[in-house]
Amino acid sequence: MKIIDKYILRQFLGTFFFSVLLFSAITVVIDVSEKIDDFIEKKAPFKEIVLDYYLNFVPHIVSLLSPLFIFIAVIFFTSRLSNRSEIIAMTNGGISFYRILFGPYLLGATLLFSLQTIATNYYVPNANKKRIAFELKYFNKSVNNSDKNIHFKIDSTTYVYVNSFNSRDNSGIKFGMEKLNGLTLTYKLIADRVVYNDSTQKWTLYNWFERHIDGLNETIASGKTRDTLLRLLPNDFQKKTIYKDAMTTPELNAFIAEEQMRGGKSIETFQVEKYRRMAIPFATFILTAMGYAIASRKVRGGIGLPLFYGIALSSLFIISLQFSTTFSINANLPPWLGAWIPNIIFGIITIYLIIRSQK
């Protein structure tokens with residue numbers, strides 16, 4: 001690595017980490033000002049606020065806005081190099097436009113891509129587990145299931161249905177469970193209401209009715225109340241969307257496979273999250289190249305105009321990511337495409353800008 005490569009790489013990484021630290025400090029100050037009353041009211045210990053909440057809150061925010069930080073960092077330090085005629089001096093010294101791009105810029109992007117991949121797939125989800133646990137404990141956030149008519153599979157032959165489920169008291173209305181042998185019904189259990197008992201780990205059935213079917217032979221039983229063991233837990237009925245950010249990628253893959261087997265609803269949310277965890281780190285290469293193409297040309301007015309372009313385009317990237325993922329979750333757009341559409345669009349724009357800028 002040449003001295004000029006080390007110089008550019010140091011400028012790249014230094015500007016990026018400085019912007020992350022600056023924004024993180026501002027975010028924490030704003031969040032503290034908003035939540036200080038809640039901390040006092042709930043008597044949250046200072047140690048838990050710092051170690052369990054903010055130490056895990058910052059990685060969550062940085063992970064969400066990393067494309068913004070990278071793009072602005074590249075725009076800012078490249079504009080300074082151009083404004084001081086350093087890039088012109090490099091090209092006049094025999095270093096080509098593409099040599100600068102595919103040298104220190106690509107190396108810096110590769111380092112940040114590696115950090116982002118590890119953080120997004122492993123570190124940040126583990127940090128989110130502690131952050132969400134803190135919020136559930138002190139901010140009275142709960143995982144309520146607002147869905148109706150919940151259907152899913154316990155195993156390859158057993159299906160469960162509940163009209164509605166209340167996670168506050170672990171109770172369900174209009175419960176049903178069926179077992180099938182192929183297309184033949186072999187067992188059916190229904191109840192007007194079910195309640196889970198944490199101490200006994202059993203379900204209490206109210207106004208229950210049970211059928212065992214063996215060919216032409218059928219056994220029927222019913223009663224007012226009954227405690228029974230079922231291969232179910234209250235979490236099986238609750239929405240897990242709030243927890244998608246708290247699953248490492250191996251945990252997320254296992255969860256998706258399980259939900260597909262059970263016929264779970266809203267599986268697209270988790271599939272989009274899975275593909276997004278690779279799409280956003282990969283955007284590092286695209287945004288680095290785009291920032292270099294925009295800011296490498298010396299313009300009148302200093303770094304103001306390129307910096308404006310950087311903030312506008314990076315914000316547009318994040319907005320387009322939100323739109324495309326929303327279409328994947330609520331429409332028929334494939335999850336992988338929803339996560340990668342911003343990369344595809346901005347990748348095409350970047351190629352055009354590089355060709356134009358080189359000329």
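Trainee: Which residue in the turn between β3 and β4 has a positive phi?

Mentor: In this predicted model, strand β3 (residues 171–181) runs antiparallel to β4, and 10 bridges join them. Asn 181 stands opposite Thr 184 in β4. The hairpin has 2 residues between its strands, and the one in the turn with a positive phi, of about 70°, is Gly 182.

Trainee: In the hairpin of β4 and β5, which residue takes a positive phi?

Mentor: Strand β4 (residues 184–197) and strand β5 (residues 202–214) pair in the antiparallel sense over 10 bridges. Asn 197 stands opposite Lys 202 in β5. Between the strands there are 4 residues, and the positive phi, near 55°, is taken by Gln 201.

Trainee: How many bridges join β5 to β6?

Mentor: In the hairpin of β5 and β6, 2 residues lie between the strands, and Gly 215 takes a positive phi near 65°. Further along, Tyr 206 stands opposite Thr 225 in β6. Strand β6 covers residues 217–228 and runs antiparallel to β5, and the number of bridges joining them is 11.

Trainee: Which strands stand at the edges of the sheet?

Mentor: The sheet is open, has 6 strands in the order β1-β2-β3-β4-β5-β6, and pairs in the antiparallel sense. An edge strand has a single partner, so one side of it is left without a neighbour in the sheet; the strands in that position are β1 (150–153) and β6.

Trainee: Where does helix α2 bend?

Mentor: Helix α2 (residues 46–83) has 38 residues, and a straight helix would reach 56 Å at 1.5 Å a residue, yet its end C-alpha atoms are only 46 Å apart. After α2 comes Ser 85, with a positive phi near 65°. The helix bends by about 65°, with Pro 67 following within four residues, and the site of the bend is Leu 65.

Trainee: On which residue is the kink in α4 centred?

Mentor: Helix α4 (residues 97–138) has 42 residues and would span 62 Å if straight, but the span between its end C-alpha atoms is only 54 Å. The helix has a kink of about 50°, centred on Ala 119.

Trainee: Are α4 and α6 roughly parallel or antiparallel to each other, and how does their contact divide by residue type?

Mentor: The axes of α4 and helix α6 (residues 267–295) come within 8 Å and cross at roughly 155°. Angles over 145 degrees count as roughly antiparallel, and therefore α4 and α6 are roughly antiparallel. Their crossing is right-handed. The contact residues divide into 16 nonpolar, 7 polar and 1 charged.

Key. Residues are numbered from 1 along each chain as its sequence is written. This is a predicted model: local features need pLDDT of at least 70, side-chain atom pairs count only at pLDDT 80 or more; totals for chains, interfaces and linings use all residues. Side-chain values use heavy atoms; hydrogens and water are left out. The expected span of a helix is 1.5 Å times one less than its number of residues. The bend at a residue is the angle between axes fitted to the seven residues ending there and the seven starting there. Axes are lines fitted to C-alpha atoms, for helices over the stretch in contact, and angles run from 0 to 180 degrees between N-to-C directions. Angles under 35 degrees count as roughly parallel, over 145 as roughly antiparallel, 65 to 115 as roughly perpendicular and the rest as oblique. A crossing is left-handed if the near helix is turned anticlockwise from the far one by less than a right angle, and right-handed if clockwise. Ala, Val, Leu, Ile, Met, Phe, Trp, Tyr, Cys and Pro count as nonpolar, Asp, Glu, Lys and Arg as charged, and the others, Gly among them, as polar. Two strands pair if DSSP finds at least two bridges between them.
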